[in-house]
Amino acid sequence: MAKNVEGFEFEQRHGKERVRVARVWKSKDGKQHFVVEWRVSINLLSDCVNSYIRDDNSDIVATDTMKNTVYAKAKECSEILSVEDFAILLAKHFTSFYSQVTTAIVKIVEKPWERVNVDGQPHDHGFKLGSERHTTEAIVKKSGALQLTSGIEGLSVLKTTKSGFEGFVRDKYTILPDTRERMLATEVTALWRYSYESLYSVPKKPLYFTEKYLDVQRVLLDTFFGSPKEGVYSPSVQATLYQMAKAALNRFPDIASIQLKMPNIHFIPVNLSNKNGQFVKFDDDVYLPTDEPHGSIEASLSRSRSKM
Ligand SMILES: O=c1[nH]c(=O)c2[nH]c(=O)[nH]c2[nH]1
């Protein structure tokens with residue numbers, strides 16, 4: 001919230017970015033281990049204008065203290081919990097513990113450590129790094145008001161057929177041919193907002209949000225790919241993105257809105273010729289993979305208020 005300071009509009013926040021913590025929990029017999037690795041960023045909205053305009057830090061919560069709080073709270077969590085529940089717990093601490101803190105914004109990115117299988121069996125204490133990352137942001141006000149979003153970053157997917165792009169604007173600069181057969185590759189970034197608007201309405205079930213994250217990911221992927229044998233035809237990245245967003249809202253009543261970013265990562269058909277003629281003729285087989293430039297397609301979909 002902007003504040004009038006010496007005749008100016010003034011807004012400020014402070015916090016600690018990229019605090020890294022890993023936490024291990026053990027089963028009762030100590031044999032089976034669980035691990036998470038989180039990168040936590042904290043921002044506090046608090047009344048500490050005096051530190052900016054005069055030599056008075058008496059209202060400042062030191063960012064070093066914020067960092068230490070991450071480790072202290074991780075230690076206090078005796079049971080495994082979702083990254084969302086940890087973000088909420090931290091944000092709640094900052095707003096309830098410090099009188100001058102009105103809002104806490106806690107963002108966390110979880111590193112995808114996955115249990116390995118050895119000899120077809122889940123390993124008790126062995127993990128390997130996966131690819132896509134689970135993210136969350138909890139914004140908590142002193143009143144208990146909550147905004148909770150979760151997301152997926154770096155979900156790279158590709159299908160080798162059942163994709164095309166036709167009927168777009170043609171002008172003197174257009175060279176792209178219409179096609180009903182191309183590769184479709186993207187790196188999905190998804191961000192969805194939960195409908196829980198208070199600390200007191202959040203589901204208490206352990207790992208509720210971890211399961212929900214996996215369910216949302218599954219629905220997004222199933223919609224992108226279609227069934228294993230038939231697949232599903234994509235007339236554009238735009239249409240596929242919309243189908244994915246719609247499926248998530250239709251499937252999960254407690255998701256109020258979803259934003260998807262789906263860059264169109266191009267695989268260029270290879271045709272090569274020299275003076276003796278063409279020696280590589282593209283037949284939907286040899287491609288030049290690229291990472292830039294890429295198309296950029298993003299949209300968000302929310303439940304219309306009139307329906308709620
Ligand atoms: O699915 C697509 N959407 C576009 O907007 C676009 N533009 C383009 O050149 N190729 C594609 N493909």
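A residue is called buried here if 20 or more other C-beta atoms, placed from the backbone, lie within 10 Å of its own, exposed if 12 or fewer do, and partly exposed in between. With that in hand, buried residues make up 23% of the 308 residues in the chain. The model is predicted, so local features need pLDDT of at least 70 and side-chain atom pairs count only at pLDDT 80 or more, while totals for chains, interfaces and linings use all residues. Residues are numbered from 1 along each chain as its sequence is written.

Let's look at the overall layout. The chain has five helices and 16 strands, which are DSSP runs numbered from the N terminus (helices: H or I, at least four residues; strands: E, at least two). Its C-alpha trace spans about 80 × 65 × 45 Å along the principal axes.

Now to one hairpin. β6 pairs in the antiparallel sense with strand β7 (residues 121–129) over five bridges; two strands pair if DSSP finds at least two bridges between them. Asn117 stands opposite Pro122 in β7. Two residues sit between the strands of this hairpin, and Asp119 takes a positive phi near 50° there.

Arg18, not a glycine, has a positive phi of about 60° and is found in strand β3 (residues 14–26). Arg18 is exposed because it has 10 other C-beta atoms within 10 Å. Lys162 also has a positive phi, near 60°, and lies in the loop between β9 (146–159) and β10 (184–194). Finally, a cis peptide bond joins Glu292 and Pro293, with omega about -10°.
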